[in-house]
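Thanks for coming. I will walk through one structure, starting with its core and ending with its domains.

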Amino acid sequence: MASKSTVVSFPESTSQSRSQKITIPNLKRVVSVTVNTGKVSHTVNGSEVTLNVTEGSYTRYTTSSTPNTKTVSDTRTSSTDSFQSTISYNDGTYSGTLSKSGGSTPYVVSGSPSGQKSVTDSRSSWYDLGGSCSGAQSGALSALPSSISYSDGEGYSGTLQRTGASAGSCQLLNNEGGGERTYGASATGTYSGTVSKPDTRKYNYSQSYSGTVYGPSSVSYTYYYAYTVTVTYEDNFGQTLTLTAPVSGVKLSVGNTYVVTGTTLDTDPGDIISVYVRVNKGTNYRIAQGSVDGVNPLAFSKTLTFTGGALKDGTTAVSGLLDEGTTHLLEVWSEDNKGGTSIIAERTFTVILNRPPTLTHSFVANNDNLSDDSPITINGTVSDPDGQAVTMKYRMNGGADVPISISNGAWTITVTPKQMVTGTNSLVITAADSLGATTVLTFSLTRSVTKTRLKTAHARYKLSPQSTTAKEVLAWLQHETGDLIVDGALSIVAAGVAESYKAMTKTSAPVITGIVEKEFIGTYAAQGAQLHLKFTLTCNDVNSTASATNLSGAIKA
């Protein structure tokens, strides 16, 4: 079997080592793999070949310049609190402008702060006075000042006030004789007070600066790599499949068939060929299988049906549930028992899901002055958009279903007030197609009963004689005494003839207290098969409560 080759390109990328997978249908073996630059290796998994390239030479490169930066801080000092908002920075490699970082900071370079302290001091005095010792002491005390000035080496100064004084001992200074003497004495004064010193501090100021400075730019290189790989291989010959049906664009309604027909040719004699279909990338489904002679194609034909929302082969689902309004994909291909495959033939189709019947109706909303047996008619039309058979039924107040007959798409139902309860009634009409899709109409009927007391009422009876015909009727009617008048009438006619009444004779007799019985006799000359008896009950007062209580009689042939 001749070898084949395929060229695989690895597009330009900044990655020097890369992998790429390729699929070689019906691959038997890889003969060789080469690359135009660098190294290449490969692994095989069925029909999938993974190519790995590395260490190739770059095809080109690009450069980019990135400035180097760093954040620095610096400090300036001054004897005055006055600094520029920015300063220049240059360390021989990085340079830039730094800005003030916060406010300035003062610091003391000489002097001391102001202060106060309490001090005590003393002073002495001397006084010479001829005469007496006490006179000398008094003179010494008088010589002491009341306050003194104070200053010291720490810079404190001030005035101290005398807070105490004491005289010292006397000394005889001169005795001249004749009783005249000279005395001298000393005195000591104590002084105290608060002294202070001025603020003599001198300041310098410090200001911090910070910012980003720039150095020489860095140059970076980006390298690009591209590879061309040649794969030499041997494969199994596949089949040539020809799909003759269906065509694309088929629209399937419920119950429609979808026929898949065609041929597939395999030139390898003895191969076992299987033909598969798949819908919307779902599960593979085999529709044909056979051995080939290498010359004659294998024909296949499979009829699928769209039912239950899916394509089915009989009762077996070939597809999943198919959505309406979506384009679906049918794939058909063949495979041999040695791994050879044909190309995949594709067809598209759409579906129309089972739609419920279309139901119309005509209904008179309000009906007044109806008796219990008065008919209320609802009618309309029904049709199925998918052409399926439709059945209908109705149900009153959750009762039993009543079938509705349909004639040429038209339907009619009749209900009466006596089928309803007083108040709200629910009438549900359902139309269903043969696949179970339904359309439901729900009516809310309100029965409102108005009772009006009557002065006149009629009671009619159909009589059935034992023989086929009769000509006379005798009737006894008992009723309560009071405001009630009863008259009788009889109709005897042939079968199928309209009723024709004539008055009956009547007599009256009491039965028991409060009950009276009337006897009615009606006679026709000719016999008839259709007998009807009618009583007319009349009262003058609508509030009368008298009523009939019993009726009996006989029929004469």
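A nonpolar core here means a set of buried Ala, Val, Leu, Ile, Met, Phe, Trp, Tyr and Cys residues joined through side-chain atoms within 4.5 Å, where buried is under 20% relative accessible area with a 1.4 Å probe, protein chains only. This is a predicted model, in which local features need pLDDT of at least 70, side-chain atom pairs count only at pLDDT 80 or more, and totals for chains, interfaces and linings use all residues. Residues are numbered from 1 along each chain as its sequence is written, and side-chain values use heavy atoms, with hydrogens and water left out.

The largest nonpolar core has 23 residues, and Val260, Phe300, Leu311, Val332 and Phe349 have the most contacts inside it. Among the strands that each supply at least two of its residues are S17 (257–266), S20 (298–307) and S23 (328–336); a strand is a DSSP run of E, at least two residues, numbered from the N terminus. A second, separate core has 19 residues, including Tyr394 and Met420.

What does Val260 touch? Its contacts, meaning heavy atoms within 4.5 Å, include Leu243, Ile287, Phe300 and Val332, leaving out residues up to four places away in sequence.

Now a sheet. Three strands form an open sheet in the order S2-S5-S4, with antiparallel pairing; strands pair if DSSP finds at least two bridges between them. S2 (18–23) and S4 (39–45) are the edge strands, each pairing on one side only. S2 and S5 (residues 48–54) are joined by 6 bridges, and Arg18 has Val53 in S5 as its bridge partner.

Last, the domains, whose bounds come from an automatic or database assignment. That assignment gives domain 1 (115–197), domain 2 (237–352), domain 3 (358–447) and domain 4 (456–556). The C-alpha centres of domain 1 and domain 3 are 141 Å apart.

Methods. Helix = DSSP H or I, 4+ residues; strand = E, 2+ residues; numbered from the N terminus. Buried < 20%, exposed > 50% of the residue type's maximum accessible area, 1.4 Å probe, protein only.
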